[in-house]
Amino acid sequence: IDIILDEQSTHKVAETDKAIMVSPFNAYKPVGEHRTCKKTVVVRKKSGRKMKWVDQPFKEHEVDDIGSIAPVPNDDMLCLQVGPTVGAVVTSRRTSEPNGGEVTLISSAMAETFVQQLEKRMVEESNDIEFEIINRKIIGMHGRYLPSTPEAKVTRTRDGNIGNFIWAFGATRMMNPYTTEIKEYNSNSISALIIASANILNLAPETAPADYEIMMKNLNPITNAVRNINKPTIVLGIGIQAEFANIEEIKRIKLYDHQVTFMNQIAERSTGKSVSVRGEFTETACINAGVENCISLGCPSLSISRSPNLGQVLETKWNNVEANLKSGQSMRLGITLPAITPVDDPKYQKIVGMLFSLCEAHDCYFIMQARYDRPQLLKYAGDRINKEKILYFNEEVDGWFEFIRTLDFVVSTRIHGGMAGISNEVPTVIIPTDLRILELINAMVLPHISFEDAIGKDFTSLDEIMEAAGRDFTAFETNRRNRLKEYKRMLESIGVEMDPALIDIILDEEGSVEEESING
């Protein structure tokens with residue numbers, strides 16, 4: 001090129017003086033920080049076909065830590081996004097020194113001029129290229145997963161169910177981390193609001209006054225916050241909490257009036273289906289109450305994996321485990337325990353007994369999700385269990401995910417224990433112990449065995465479990481992509497970009513994003 005940018009002004013300087021480069025970086029590294037770009041130049045193909053980072057014309061400047069260039073998080077940084085990759089736009093004085101000259105950020109004020117440079121280099125090669133400048137969006141989020149600072153870890157240790165980390169992580173990392181700055185939901189500077197809360201639709205009966213009062217106290221402050229903040233708002237991953245005797249009883253349920261008020265407050269500040277619910281049972285409760293802005297999408301944790309074809313990966317690994325079992329190999333199993341108390345409940349005894357039988361031939365690790373899991377397990381198992389194989393990741397998902405990836409297979413009686421495996425490409429079967437888990441399994445098309453079969457068919461081997469499991473990995477992957485499309489639509493309805501790595505997944509083979517609704 002004939003000219004390049006001077007990051008200090010709108011002047012142009014000779015190419016012999018400076019060079020433009022790009023430095024790809026992870027927005028969530030170093031650990032404990034979240035770095036965003038003030039402006040991001042997004043390069044796309046008009047046809048919708050996929051783009052790769054190698055399509056951009058500038059030389060890479062590799063850095064281990066973007067903080068070495070941008071020491072202040074969320075400073076005035078201009079970024080380039082091509083396909084799933086994002087890099088800071090930097091400049092360096094040309095020099096004969098082996099390591100080059102000092103590298104500095106280019107100001108976001110130079111975004112338009114930078115686009116002109118891209119046009120010169122890229123449009124000449126293809127008329128299929130288009131550019132968009134995305135300004136940083138500051139949003140408020142209730143229920144976000146905080147970066148892993150020491151303070152955040154302490155906060156998470158107070159949570160009685162570490163499964164909450166999984167859905168919060170999925171909901172938070174669904175957004176484009178480079179174009180979206182996340183603050184507390186009651187901050188004054190936000191332009192949109194996202195509520196990620198799994199259990200705010202508790203259907204405690206009015207005949208149980210104490211529970212009913214707690215239920216209202218939990219939801220009413222959020223309703224008031226939505227009303228007072230008065231910004232475009234969506235909700236991710238909520239579901240009903242209730243005890244039901246059977247499916248027929250569920251068909252008659254509906255939300256309480258104060259829950260309908262909450263839903264209506266969301267509807268007034270959004271367009272289309274703006275509340276993603278866990279599954280068909282929660283969606284039924286909305287419909288029966290006259291609420292029309294709910295859509296069944298399962299758990300936001302379905303968006304954690306960035307695998308281009310997670311269903312295919314899981315199917316391949318599932319088949320590999322089956323082959324290894326036939327040759328007599330021992331597997332490393334991850335097991336999560338049921339949310340059933342007390343330990344002498346016959347259902348607990350049955351299901352945990354079945355899980356223990358799997359460990360006679362395999363190396364088992366028991367992953368705790370609730371504080372009562374460990375004492376119940378020890379009371380049940382006594383000296384039959386190695387305490388070093390009882391694990392509790394109560395500070396962050398990173399250690400949990402890292403360990404999960406060392407396993408061959410996961411058998412989970414809890415939804416988020418199962419999603420920890422699935423999200424990390426570990427074949428998993430889930431055994432639903434209640435209808436809440438069942439609606440999530442159905443919504444996400446997950447491999448599973450009914451609780452009745454698990455305790456009634458006397459399974460004693462992993463082979464039997466795998467053979468009996470209902471599974472369709474092709475349907476799982478199709479469903480996954482359709483869910484991601486709906487999440488993308490919801491985010492864009494409040495002006496928020498989806499993570500580019502997720503957008504890359506939902507591009508079809510020809511490159512265009514399919515427009516078909518998941519509801520037909």
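What follows is a chat about the overall build, then some strands, a helix and a loop residue.

Me: What kind of model is this?
Reply: This is a predicted model, where local features need pLDDT of at least 70 and side-chain atom pairs count only at pLDDT 80 or more, while totals for chains, interfaces and linings use all residues. Residues are numbered from 1 along each chain as its sequence is written, and side-chain values use heavy atoms, with hydrogens and water left out.

Me: How many helices and strands?
Reply: The protein has 17 helices and 22 strands. Both are DSSP runs numbered from the N terminus: helices are H or I with at least four residues, strands are E with at least two.

Me: And why call it compact?
Reply: Its radius of gyration is 25 Å, close to the 24 Å that the globule rule gives for 520 residues, so the protein is as compact as a globular protein of that length. The radius is taken over C-alpha atoms, and the rule is 2.2 Å times the number of residues to the power 0.38.

Me: What box do the C-alpha atoms fill?
Reply: Roughly 80 × 60 × 45 Å, taken along the principal axes.

Me: How much of the protein is buried?
Reply: Of the 520 residues, 53% count as buried. Buried means under 20% relative accessible area, exposed means over 50%, and partly exposed lies in between, with a 1.4 Å probe and protein chains only.

Me: What about contacts along the sequence?
Reply: Take the contacts (heavy atoms within 4.5 Å) between residues at least 6 apart in sequence: 75% of them join residues at least 24 apart.

Me: Which strands does β14 pair with?
Reply: Strand β12 (residues 192–196) runs parallel to β14 and is joined to it by four bridges. Strand β16 (residues 275–277) is also parallel to β14, with two bridges. For two strands to pair, DSSP must find at least two bridges between them.

Me: Which residues face Val235?
Reply: Val235 is the bridge partner of Ile195, and it stands opposite Val275 in β16.

Me: Now β4. Which way do its partners run, parallel or antiparallel?
Reply: One of each. Strand β4 (residues 39–45) pairs with β6 in the parallel sense over five bridges, and with strand β9 (residues 129–135) in the antiparallel sense over seven bridges. Lys39 stands opposite Leu78 in β6, and Arg44 is opposite Glu130 in β9.

Me: What is the strand order in the five-strand sheet?
Reply: That open sheet runs β20-β19-β18-β21-β22, with parallel pairing. Its edge strands are β20 (390–391) and β22 (428–430), each pairing on one side only. Inside the order, four bridges join β18 (residues 332–336) to β21 (residues 409–412), and Thr336 has Ser412 as its bridge partner.

Me: Change of topic: which residues of α7 are buried?
Reply: In helix α7 (residues 280–288), they are Phe281, Thr282, Glu283, Ala285 and Cys286. Just after the helix, Gly290 takes a positive phi of about 80°.

Me: Last one. Where is Pro73?
Reply: Pro73 is in the loop between β5 (59–60) and β6 (78–82).

Me: Why does Pro73 count as partly exposed?
Reply: Because its relative accessibility is 34%.

Me: What does Pro73 touch?
Reply: Leaving aside neighbours within four places in sequence, Pro73 is in contact with Glu33, His34 and Arg35.
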